[in-house]
Amino acid sequence: MSPPARARPLPRQERRTIVGESLAVGVATGAYGISFGAVGVAAGLSVLQTCALSLLVFTGASQFALVGVVAAGGVPLSGAMTAVLLGTRNTLYGLRMAPLLAFRGWRRVAAAHVLLDESTAMAINRGSTAAARLGFLTTGVAVFVLWNVATLGGALVGTTLGDPRAFGLDAAVGAAFLALLWPRLSDRRHRLVAVVAAGVALGLVPLTAAGVPVLAAGGVALLAGALDRTGAPD
Amino acid sequence: MWIAIVVAAAGCYALKLAGLSLPQRVLAHPVVERVADLVPVALLAALVAVQVWSQGSSLTVDARTAGLGFAVVALLLRAPFLVVVVGAAATAALLRLAV
């Protein structure tokens, strides 16, 4: 996508650096689409449904959440609600990115689909709109292409595996969630909320339908956010 | 299942577009910022717990706990995502093979 005429073109060296970094992140992230594909069919989704999630929902944690709830025996709609709740962090990224990217009209509508943890991370510290757009779009498109190809590959391999438990795929889902959570645990308040939320969810498992414990744990975040007066970290 | 996929897709896309479209002052509200900051932490922690220690409507400790243990060690050693996930699966699979 070409930058608008008013933006100064980027020096070639800077362009090359940004594209290189963005593609590296895209490849690394896209590759774990393999695990999503395999986990999706292990949860009982068809290959087509698993691929539809990667194409249309296209935000990893939400996709894992949906198939995780379904795999645990929850109704698909409570999985979808968990997925949407997890997607709220993309709104936060969007609010941070909007002034930097300055997309309008159809460009904004298209760019929204590749608004992710990774595309935000590769754009947020750039010095200019042109550099931010290049990092954002290169990362977003690279992740999109590779994530979807890898999902298809993982799903096709997954259908040939037989009993997913024999390959530990049920353990892979918990590990995937922990890996997504990990970078956020450096903050003490986050660790406290994580422990309380996990405890609330486990306490509700014997008492409620599958899918409800995770949604209820989201309430811990609402309560903690509303009651805490010390302010959010920057 | 397809309804859930469409709901999740529409919801997640709407949230992304809202982020790029809403006025900046939304972010200035401290409660909104704190809640938005904490929601992913709470949900991911709950998903880890439920995924590893529940079986239907009962709580269990099985090979998945060993898989999670591998994941913790791998994350402490700053291993990449794929190593964490595949290693956790392999740990659980090997343990099930052994017992």
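The views below show a predicted model.

**View 1. A:Arg189 is a partly exposed residue of helix H11 of chain A.** Helix H11 covers residues 188–204 of chain A, and A:Arg189 lies in this helix. A:Arg189 has 16 C-beta neighbours inside 10 Å, so it counts as partly exposed. A:Phe36 sits 153 residues from A:Arg189 along the chain. Their C-alpha atoms are separated by 29 Å.

View 2. H11(A) has 17 residues. At 1.5 Å a residue they should span 24 Å, and the end C-alpha atoms are 25 Å apart, which agrees. The buried residues are A:His190, A:Val193, A:Ala194, A:Ala197, A:Ala198, A:Val200, A:Ala201 and A:Leu204.

**View 3. Helix H1 of chain A lines up its buried residues on one face.** H1 takes in residues 12–31 of chain A, 20 residues in total. From first C-alpha to last, H1 reaches 28 Å, close to the 28 Å expected at 1.5 Å a residue. Which residues of H1(A) are buried? They are A:Ile18, A:Ser22, A:Val25, A:Gly26, A:Thr29 and A:Gly30. Seen down the helix axis, these buried residues fall within an arc of 125°, so they line one face of H1(A). The other side of H1(A) has exposed residues: A:Arg12, A:Gln13, A:Arg16 and A:Gly20. Among the elements covering the buried residues of H1(A) are helix H2 (33–42), helix H8 (117–121) and helix H9 (129–159) of chain A.

**View 4. A:Gly127 is an exposed loop residue of chain A.** A:Gly127 lies in the loop between H8 and H9 of chain A. With 10 other C-beta atoms within 10 Å, A:Gly127 is exposed. A:Leu100 is 27 residues from A:Gly127 in sequence. In space, the two are 9.0 Å apart, C-alpha to C-alpha.

**View 5. Two domains of chain A touch each other.** The domain assignment gives domain 1 (12–183) and domain 2 (187–234) of chain A. Their C-alpha centres lie 23 Å apart. Domain 1 of chain A puts eleven residues into the contact, and domain 2 of chain A puts in eight residues. Which helix gives the largest share of the domain 1 side? Helix H5 (residues 76–86) of chain A does, with five residues. By class, the domain 1 side that touches domain 2 has six nonpolar, five polar and no charged residues.

**View 6. Chain A meets chain B.** In this interface, 87 residues of chain A are in contact with 67 residues of chain B. Helix H10 (residues 169–181) of chain A gives the most to the chain A side, with 13 residues. That side of chain A has 61 nonpolar, 20 polar and six charged residues.

**View 7. Chain A is built from helices, with zero strands.** Chain A has twelve helices. Its radius of gyration is 19 Å, close to the 17 Å that the globule rule gives for 234 residues, so chain A is as compact as a globular protein of that length. Its C-alpha trace spans about 60 × 50 × 30 Å along the principal axes. Of the 234 residues of chain A, 56% count as buried. Consider the contacts in chain A between residues at least 6 apart in sequence: 71% join residues at least 24 apart.

View 8. From the N terminus on, its elements run α-α-α-β-β-α-α. The radius of gyration of chain B is 19 Å, well over the 13 Å that the globule rule gives for 99 residues, so chain B is more spread out than a compact globule. Along its principal axes, the C-alpha trace of chain B spans about 55 × 35 × 25 Å. Buried residues make up 48% of the 99 residues in chain B.

Conventions
Residues numbered from 1 in each chain as written. Chains lettered and ligands numbered in written order. Predicted model: local features only at pLDDT ≥ 70, side-chain atom pairs only at ≥ 80, totals over all residues. Domains from an automatic or database assignment. Contact = placed C-beta atoms within 7 Å. Helix = DSSP H or I, 4+ residues; strand = E, 2+ residues; numbered from the N terminus. Nonpolar A, V, L, I, M, F, W, Y, C, P; charged D, E, K, R; others polar. Expected span 1.5 Å × (residues − 1). Buried ≥ 20, exposed ≤ 12 C-beta atoms within 10 Å, placed from the backbone. Arc of directions from axis to C-beta. Rg over C-alpha atoms; globule rule 2.2 N^0.38 Å.
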